[in-house]
Amino acid sequence: MAVPAALAQQAAPAAKPPAAESKPASAPTDLDRLVVTGSRIRRAGFDTLEPATVVSKDYIAARGITNVADALNEIPGFGVGITPEGGQATFGTGVNFVNRFGIGSARTLTLVNGRRFVTSAPTTLFGPAAPGLQVDLNAIPTALVERVENIAIGGAPTYGSDAIAGVVNVILRKNYEGVEAGASYGVTEQGDNERYNAWALVGANFDDGRGNVTFSFTYDDSKGVLQKERDFFRAGYFNATNPLAARMAALFPGRTPANDGRYNPNIPFNTGNNDGIPNGVLIKDRRIWSTPFGGLISPVSGAFKPGTDNMVANGFGPGGNTVLAFDRSGNLVPYNQGIPFSATDASGGDGISLVEAGQVISDLKRMSVNTTARWALNDRVDVFMEGSFYSAESTELTDQWAFNSPLFAGASGMIRFPTSYALLSDQARATLQGLGVTQFNLSRASRDLATNNGSGTTELGRIVLGLEGDFDIGQRTFYWEASANYGRSDSRAYGTSINQQNFVNALNVVRNGQGQVVCAGAPVAGVVVPGGLTARPDPNCVPLDLLGEGRPSAAARQYVTTRTASQALQEQEVYNVNVSSTLFDLWSGPLQYNIGFEHRKESGLFDPGAFLEKGLGRSVPITPLQGHYTTNEWFGEFVLPLVNPERNFIGLRKLDVIGKYRQVDNSINGKFDTYTYGLQWKPFEDLEIRGNFTRSLRSPSITEAFLPQATSFQFVTGDPCDSRFINSGANVANRQRNCQAFLNYYGLSSFTSNANGASIQGISGGNPNLRNESADSYTYGFTWAPSFAEGLTVTADYYNIKIKDVISSLTAADIATACFDASDFNAGDVPNANSFCSRIVRNAPGSAAGAGQATTFISGFVNGKSLTMEAYSTEIAYRFDTDRFGRFAFGLTGYFPKELTVDVTGVAPNPSAGEIGTSKRQYQLSGAWEMGRWGLNLTGNYLSSAEFNVLNTPETRDILKVGDYWLFNGGVRYRLNDHAMLRLAVTNLFDKAPPFPAQTSADSFSTYDVLGRRYNLAFEWKF
């Protein structure tokens, strides 16, 4: 597949060289005009066995893009990547990893000039993506990019591990002479997400043209945006439990679907699991009703009224109907819990909105300095060098706060105070005493203590030194290259955490003889702070007032919070030597080959810092990690021509047999053989048919192999026996039967999990016995460039990938689904009904904390069963010149995923083709025009409708999918003179919001445009 051709945008897969620099970007795309991505054998043009996609520097400039990943993610077939948009990981804030075919960013190998680049993925469970060797494309300056070549599937025998989906190869400009510089400014229609970019490129020859050195400098600053600054998020839509009709009639007389805040008032209350009524409904203005910012108080008997399914706040006074919370003055005022749908969610009211804790995109500042150099030692030997230095600062604008809530256990549970507490206001104390209260529990979201957002810095350096040349033996010429490649990425992550011991100290306060509130230095009667710590003497202690938002003093905030600093260090060494030549000449031409050897060492270190390692805050102790592995890899390939094109055989203009082989000997798990075999056949000059089979691999990463067993927090997306999910899944009948046994065991008529959309404590770790992922893949297709329509190219390709032993960290969702969807389920021992159920720790029947609620998941890295991907693609590109109206180019690219299924446990396959991020029909249309000083371009990207989860049924939720989506981008450029050019690029030309209600899916950030219309004005100067 090739990207749609467009003037001054994308290079065509097969075209004639331009007659002059002012011609369209239609030169054959080839590495150094000799070697193509996916092979080390030198060829005349861009002639690949595998389907290829090319993005040129002109396309990047015309779109106003300052990040290589942004350009790739516009291409159909690139799945949901890891970007600075949306919520960020604890470590690795702001990185940009691409994800070809949506099978995981760790299965796309990223190269620079055909060589590996050091990873920026931190070696920890708490990183931005599944562990691997992903390359942060933030580090590649667009000013130095010549083009980005991508091949699908067949790169493993040429480059080794991780190329299961394919290879992204960033080709840098070199041998440049002159000076170029540019600057740009971008802003959204709403005046935010300002973007500043400046760059310079300088190159010169020396030693009478025998050598060249090229330098580039780039600075980029992109400002972040909060979710609350977009209507799309601000409305607070959320998929909540549809409560049972009988319970609503008993608990909330007068409540109806027309007045309870649901989006569709025509959806009635639920009546059961097989009634045709959805178990989940979309609600407006979702609030976490039990946990406001200022502090909600409740009796010590519990936060929820007994017998209300945890849907009614427990108050004081007659019937427990006086529900109170603290205001900013520290006084108690009536509290509106909104209209509850579960123990967690309500529509409206005084609870917190998590929109306040969400961002659209992070702050990100980047600076890079790069150089390439080459010098001819003699007529047959060159020395070359590549050097890179990259520095970045990223900041997540906000994240969820520190909680003390009935929804959590441990140190995040509710705090108990006596009515004699020293920091109670006179009004609050009098109110409580008037209600006969002697002690109370406090539930609070403490955004006035710490926003819990993270920030990070990265310093990355890379240097490549090498020699290349050629020599003759007899009548044959041998081309050789030897190189050494070293890279080092040093990332620091910073955050603000609650110091739990100081938090306990600061809450245990009394009044001294002068009436001042001071730290007691010991436990105060009636004060119970969860987490198991007791107050200690500390001369630095400052009293902390949590009785109302904004009450903590600056000194108290400083005392109870700690700045954390962690380090993730990755190093890479690669030594490669290879030689190419022809073995012998056949009737059809020479048999070409390449053989070589590569030694690679990957090292990783993660140091969370003493505070996080000891678990002194609210998180579990975070385990440090250090490890490394080495590989020794022999490789070779050949191209065997079976037809001499000069003989003009009918139906046989070209027929090449291609074979590639690589043996990887990994110090973790031994040897693995990877190989490709395929054909390139031209029945006539205009048509080429190609196909190949590839065995590829992904080796375990340092985290996956060496991480010690430790506690962690895992995010849970759907406990199967929750009433919203009991009728979904791959094995509905099994789930319903097993969940009925679950309900019977725990004495429940229905179940709403507190774990849905929340984090639960878990235990996880690495596995030194992991096997390599092994993928058997094949692709076939054709390229047709009819001679009767010069400038027209049509391609179509088919892809099929089957991975076995897929390396996975069992998620809480994997474990829970495998537990309840399995056919082997012992209903007589529900907690241990099978091996997966035994990995879940739940509250006992009758527990005051909620019978059946999950408290711990026991996870770890395993070799899962399989991952299967099947898809088609097509591309049509047409470019032509006119005498009067200039040059035109048009293109259409299509990508059509048929299957994308992960089966980790062997019990419950998880298909995702057709879900948000993997729409079954994806198109990109492009058009460009160029005449004289002017140029215009327009692209349109289309995504067909997509489901939230293809396993959902009408019983699962009321809205099963979102509609289709068009996004248009345009640009204009004007050449002021021979040296200067102005460009204006507009992204999201028609200010199109994502399809409703995609904002309830985390994948919406990387699938749809959530920033809105934005402009980028650039000025370029060439001296």
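Helices (H or I, at least four residues) and strands (E, at least two) are DSSP runs, numbered from the N terminus. The structure described here is a predicted model, in which local features need pLDDT of at least 70 and side-chain atom pairs count only at pLDDT 80 or more, while totals for chains, interfaces and linings use all residues. Residues are numbered from 1 along each chain as its sequence is written, and side-chain values use heavy atoms, with hydrogens and water left out.

The account begins with two sheets. Two strands are said to pair if DSSP finds at least two bridges between them. Strands of a sheet pair through backbone hydrogen bonds, either parallel or antiparallel. Strand E1 runs antiparallel to strand E4 (residues 145–152), and 5 bridges join the two. Within this part of the sheet, Thr53 stands opposite Asn150 in E4.

Another open sheet has 3 strands in the order E12-E17-E16, with antiparallel pairing. Here the edges are formed by strand E12 (286–288) and strand E16 (339–340), each pairing on one side only. Strand E16 is joined by 2 bridges to strand E17 (residues 345–347), and these strands run antiparallel. Ile339 stands opposite Ser347 in E17.

The next topic is the disulfides. A disulfide is a covalent bond between the sulfur atoms of two cysteines. With bonded cysteines counted along the chain, the disulfides follow the pattern 1-2, 3-4, 5-6.

Cys519 is joined to Cys541, with an S to S distance of 2.0 Å. The link of Cys519 and Cys541 is left-handed, with -75° about the S-S bond. Because Cys519 lies in strand E27 (residues 517–519) and Cys541 in the loop between E27 and helix H8 (554–560), the pair ties together parts that are 22 residues apart in sequence. Both Cys519 and Cys541 are buried, a term that means under 20% relative accessible area, whereas exposed means over 50% and partly exposed lies in between (1.4 Å probe, protein chains only).

A further disulfide joins Cys721 to Cys739, with an S to S distance of 2.1 Å. The torsion about its S-S bond is about -90°, so the disulfide of Cys721 and Cys739 is left-handed. This pair links distant parts of the chain, 18 residues apart: Cys721 is in the loop between strand E34 (710–716) and helix H11 (732–746), and Cys739 is in helix H11. Cys721 and Cys739 are both buried.

Cys819 and Cys837 are also joined by a disulfide, at an S to S distance of 1.9 Å. Since the torsion about the S-S bond of Cys819 and Cys837 is about 90°, this disulfide is right-handed. The pair links distant parts of the chain, 18 residues apart, with Cys819 in helix H12 (residues 812–820) and Cys837 in the loop between H12 and strand E39 (840–842). Both Cys819 and Cys837 are buried.

Two individual residues may now be considered. Asp903 is found in strand E43 (residues 886–903). Asp903 is buried, with a relative accessible area of 6%. Contact means heavy atoms within 4.5 Å. Leaving aside neighbours within four places in sequence, Asp903 is in contact with Gly864, Lys865, Ser866, Ala908 and Pro909. The C-alpha atoms of Asp903 and Leu925, which are 22 residues apart along the chain, are separated by 34 Å.

Ser184 lies in strand E6 (residues 178–188) and is buried, with a relative accessible area of 11%. Apart from neighbours within four places in sequence, the contacts of Ser184 are Arg195, Tyr196, Asn197, Asn1016, Leu1017 and Ala1018.

Leu1017 also belongs to a nonpolar surface patch of about 460 Å², made together with Leu976, Leu982, Leu984, Tyr1015 and Phe1019. Patches are made of residues with over 30% relative accessible area and no salt bridge; like charges are joined within 9 Å, and nonpolar side chains (Val, Leu, Ile, Met, Phe, Trp, Tyr) within 5 Å. A salt bridge is a side-chain nitrogen of Lys or Arg within 4 Å of a carboxyl oxygen of Asp or Glu. Accessible areas come from the Shrake-Rupley method with a 1.4 Å probe, and for residues only the protein chains shown count as cover. Strands E50 (980–987) and E51 (1014–1022) each supply at least two residues of the nonpolar patch, and E51 gives the largest share, 3 residues. Leu976 is placed in the loop between strand E49 (965–975) and E50, and is partly exposed, with a relative accessible area of 34%.

Note on methods
A disulfide is a pair of cysteine sulfur atoms within 2.5 Å.
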